Amino acid sequence: MSNEVLEAELNCVHCRKETLHQLVYAGRLLVSTTCGVCNTRVEHESNDLWDNYIKDLPHRIATKPFRLWKRFWRTPKTLLWNLPKATFGKPIKMLREYKNLKKQD
Amino acid sequence: MKSGMKAALIVLAAGAGSRFGHSTNKVWLPLSGRRIISRSLVNAANSFNKARIILVIHPDDDAMARTTLEREVRGIKVEIVHGGASRHESEYNALTYIAPQIESGEIEVVLIHDGARPLATPALFREIADAAHRHGGAIPTIAVDPREMDTVREDRVVRVQTPQGFLAPQLLLAYRKAAVDGFTGTDTAACMEKYFPEVKTKAVNADVSNVKITYPQDLAIAEHVLARRGYKD
């Protein structure tokens with residue numbers, strides 16, 4: 001789930017029908033959704049978002065060893081092959097999350 | 001505590017949605033770190049000691065489903081069935097798949113759940129299964145405030161959620177009759193009501209937080225509910 005921008009069919013309040021929406025995430029949290037037809041954008045309140053992001057961070061960190069362990073059991077070779085890149089890429093990923101959140105301010 | 005009832009849980013996720021090789025069906029969206037459908041499946045599975053779990057998907061989502069189950073729903077046996085053109089058809093496909101076990105008495109109760117409701121708690125699943133076993137059918141409902149409605153009605157109006165549970169042999173028979181008649185119900189209860197009006201469907205008090213992800217803001221609400229629950233359930 002490393003994608004930060006995803007697309008999904010959701011109901012748009014303005015179009016009054018299901019339309020393709022673009023969803024922007026920061027880490028595990030949803031930052032905004034934009035309707036692909038009328039461009040209506042739904043955003044989280046920036047204070048809430050920061051608050052939730054900060055609250056979510058310890059949970060992400062605490063569960064990381066368990067998630068890595070699960071991945072190791074599932075696909076050990078893939079994990080070991082990808083781990084160095086993922087480890088060094090983590091600060092960049094966090095910085096991108098920070099930028100996505102900052103955009104909301 | 002998990003229920004020991006002989007149940008089958010059918011989780012519907014067959015809504016269309018595939019573009020440029022990736023699914024756009026909302027059930028595959030992440031919700032606080034795990035996909036919506038994974039949360040629905042885990043909550044359903046955590047309700048029972050031994051239950052058949054059937055995931056109904058669109059054929060285009062087959063690879064996505066298998067990867068998601070492998071990554072996020074490990075340790076739980078989930079059987080995949082391809083859905084049809086409508087919700088009713090998808091339900092029928094799943095019921096046909098488990099028909100031999102229903103006919104042999106291995107499955108007593110069937111619960112049908114919308115995959116886009118990731119916050120239905122294991123307690124709600126158990127309550128619905130128990131009520132369905134006792135009364136023949138059970139659905140989670142929330143009373144609608146008359147002030148919210150445009151028309152004045154004498155009778156009580158409720159909002160209906162899922163999971164909806166029914167005794168398995170009657171449910172299978174109802175869907176078989178519907179297939180012969182060409183009847184398409186809006187939900188499981190509608191089909192049962194048509195073919196088994198004598199079955200008393202029990203209205204179980206539902207939780208407002210059992211939201212169906214429909215609008216963008218539902219995702220935000222679901223995130224808040226999960227954060228409040230400490231990311232459990």
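I looked up the pair first: helix 6 of chain B and helix 7 of chain B are roughly perpendicular to each other. I record the classes of angle here: under 35 degrees is roughly parallel, over 145 roughly antiparallel, 65 to 115 roughly perpendicular, and the rest oblique. The axes of helix 6 (residues 168–181) of chain B and helix 7 (residues 188–195) of chain B cross at roughly 80 degrees and come within 9 Å. Axes are lines fitted to C-alpha atoms, for helices over the stretch in contact, and angles between N-to-C directions run from 0 to 180 degrees.

**Conventions.** I note that this is a predicted model, in which local features need pLDDT of at least 70 and side-chain atom pairs count only at pLDDT 80 or more, whereas totals for chains, interfaces and linings use all residues. Residues are numbered from 1 along each chain as its sequence is written, and chains are lettered from A and ligands numbered from 1 in the order in which they are written. Helices (H or I, at least four residues) and strands (E, at least two) are DSSP runs numbered from the N terminus.

**Entry 1: the helix contact in chain B.** Which residues of helix 6 of chain B meet helix 7 of chain B? I find B:Leu171, B:Ala174, B:Tyr175, B:Lys177 and B:Ala178 on helix 6, facing B:Cys191, B:Met192 and B:Tyr195 on helix 7. Residues are in contact if their C-beta atoms, placed from the backbone, lie within 7 Å. By class, this contact has 7 nonpolar, no polar and 1 charged residues. The nonpolar class is Ala, Val, Leu, Ile, Met, Phe, Trp, Tyr, Cys and Pro, the charged class is Asp, Glu, Lys and Arg, and the others, Gly among them, are polar.

**Entry 2: strand 9 of chain B.** I traced the partners of this strand, where pairing requires at least two DSSP bridges between two strands. Strand 9 (residues 136–143) of chain B runs parallel to strand 12 (residues 200–205) of chain B, joined by 6 bridges; B:Ala138 has B:Lys202 as its bridge partner there. With strand 11 (residues 164–167) of chain B, strand 9 pairs in the antiparallel sense over 2 bridges, and B:Gly137 stands opposite B:Phe166. Strand 10 (residues 158–160) of chain B is antiparallel to strand 9, with 3 bridges, and B:Ala143 stands opposite B:Val158. In the loop between strand 10 and strand 11 of chain B I located B:Pro163; a cis peptide bond joins B:Thr162 to B:Pro163, with omega about 10 degrees.

**Entry 3: chain A.** I read the elements of chain A from the N terminus on as β-β-β-β-α-α. An open sheet of 4 strands has the order 1-2-3-4 in chain A, with antiparallel pairing. Its edge strands are strand 1 and strand 4 (41–43) of chain A, each pairing on one side only. From one strand to the next the twist averages 30 degrees. Strand 1 and strand 2 of chain A pair over 8 bridges, and A:Glu9 stands opposite A:Leu20 in strand 2. In the loop between strand 3 and strand 4 of chain A I found A:Asn39, which has a positive phi of about 65 degrees although it is not a glycine.

**Entry 4: the contact between the chains.** How many residues does each chain supply? Chain A gives 23 residues and chain B gives 20 residues. On the side of chain A that touches chain B, strand 1 (5–12), strand 2 (17–26), strand 3 (29–35) and helix 1 (46–74) of chain A each supply at least two residues. The largest share, 6 residues, comes from strand 1 of chain A. By class, this side of chain A has 11 nonpolar, 6 polar and 6 charged residues.

**Entry 5: confidence.** The model scores ipTM 0.84 and pTM 0.83. For pLDDT, the predictor's confidence in each residue from 0 to 100, I note a mean of 83 for chain A, with 90% of its residues at 70 or more. Chain B averages 90, with 94% of the residues scoring at least 70. Among the elements of chain A, helix 1 has the lowest mean pLDDT (79) and strand 1 the highest (92). Among those of chain B, strand 2 (residues 18–19) has the lowest (57) and strand 7 (residues 78–82) the highest (97). Where pLDDT is low, predicted coordinates should not be read in detail.

Conventions: Two residues are in contact if their C-beta atoms, placed from the backbone, lie within 7 Å.
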